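Please keep the structure in view while reading.

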Amino acid sequence: MELIIDTADIEAIKKLDGILSIAGVTTNPSIITKSGKAPEQVIDELVAYLKPEQKLFVQVVARDFDGIMEETRAICALRPANTYAKIPVTREGLRAIKAAKAEGLNVLATSIYTPEQGFLAALSGADYLAPYCNRMCNYGDGVARVIDLIRMVETQGLSSKVIAASFHNVEQVHQLILAGVPAVTVPPAIAEAMMDHPGTDSAVDDFTADWQKAYGRNTLFS
Ligand code: G3P
């Protein structure tokens, strides 16, 4: 499974990338605006930081077919490989996904709220499908619908990878990992919550205290 970080905060990316195995970074227009920086600067920083094998996903802003295609080509040209244009599954977007794949461009179909939307993008060859898990919970069981999409893609023998997105708690991620999701993109706060538990810190504090009491030092060997 690929663990992707959903942020444009370069410092948060560097911090998590130093600790965990991060397969790439996703952004969207709202995430980039939250950085307070110009989009060009954010994208330059991401391109400069990521290793060639780490994936970069940048979302189109244009909403019409021609504009989406132009931005998709520009996004895919940012790096020699492993760079994907995120295209929302509107009707214009679905049309662009089909055309972009016919041109051999890397595409992530995004803003997916139903398994059917994701499945249609998969039929057009989208490389990744991003269902918005938490937002889908506003319309029913979001986790179950994301699992439906994973099963639909598998059952129909399609090559698209589901990259589950929009998480507001660790339990949502937990359920999808258990169900075999091929990729998740999580905000830094969720990645941090997945790492930490007060019991771990307390256990390590106890080990240190016992060692210090018995041997008068905090290292294995003197
Ligand atoms: O990657 C999609 C994601 O950024 C949407 O998340 O938290 O705005 O629903 P959220």
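This is a predicted model: local features need pLDDT of at least 70, side-chain atom pairs count only at pLDDT 80 or more; totals for chains, interfaces and linings use all residues.

How many Å separate an oxygen atom of the ligand from an N or O atom in the side chain of H168?

In the side chain of H168, an N or O atom is placed 3.0 Å from an oxygen atom of the ligand. The protein as a whole buries 81% of the 310 Å² that the ligand exposes when taken alone.

For S166, the separation between an N or O atom of the side chain and an oxygen atom of the ligand is 2.7 Å, while for N28 a polar side-chain atom is found 3.0 Å from an oxygen atom of the ligand.

## The shell around the ligand

## Packing of helix α1

Helix α1, which spans residues 10-19, packs against helix α3, residues 39-49, at an angle of about 20°, and the two axes are 11 Å apart. With that angle, α1 is therefore roughly parallel to α3, and α1 passes α3 in a right-handed crossing.

Helix α1 also packs with helix α10, residues 188-195, in this case at an angle of about 30° and with the axes 11 Å apart. This angle makes α1 roughly parallel to α10, although the crossing of α1 and α10 is left-handed.

## Packing of helices α6 and α8

What is the angle at which the axes of helix α6 and helix α8 cross? The axes of α6, residues 115-123, and α8, residues 142-155, cross at roughly 30° and come within 9 Å. Because angles under 35 degrees count as roughly parallel, α6 and α8 are described as roughly parallel to each other, and α6 passes α8 in a right-handed crossing.

Notes: Residues are numbered from 1 along each chain as its sequence is written. Side-chain values use heavy atoms; hydrogens and water are left out. A polar contact is a pair of N or O atoms within 3.5 Å; within protein, one must be able to donate a hydrogen and the other to accept it, and residues adjacent in sequence count only if both atoms are side-chain atoms. Accessible areas come from the Shrake-Rupley method with a 1.4 Å probe; for residues, only the protein chains shown count as cover. Axes are lines fitted to C-alpha atoms, for helices over the stretch in contact, and angles run from 0 to 180 degrees between N-to-C directions. Helices (H or I, at least four residues) and strands (E, at least two) are DSSP runs, numbered from the N terminus. Angles under 35 degrees count as roughly parallel, over 145 as roughly antiparallel, 65 to 115 as roughly perpendicular and the rest as oblique. A crossing is left-handed if the near helix is turned anticlockwise from the far one by less than a right angle, and right-handed if clockwise.
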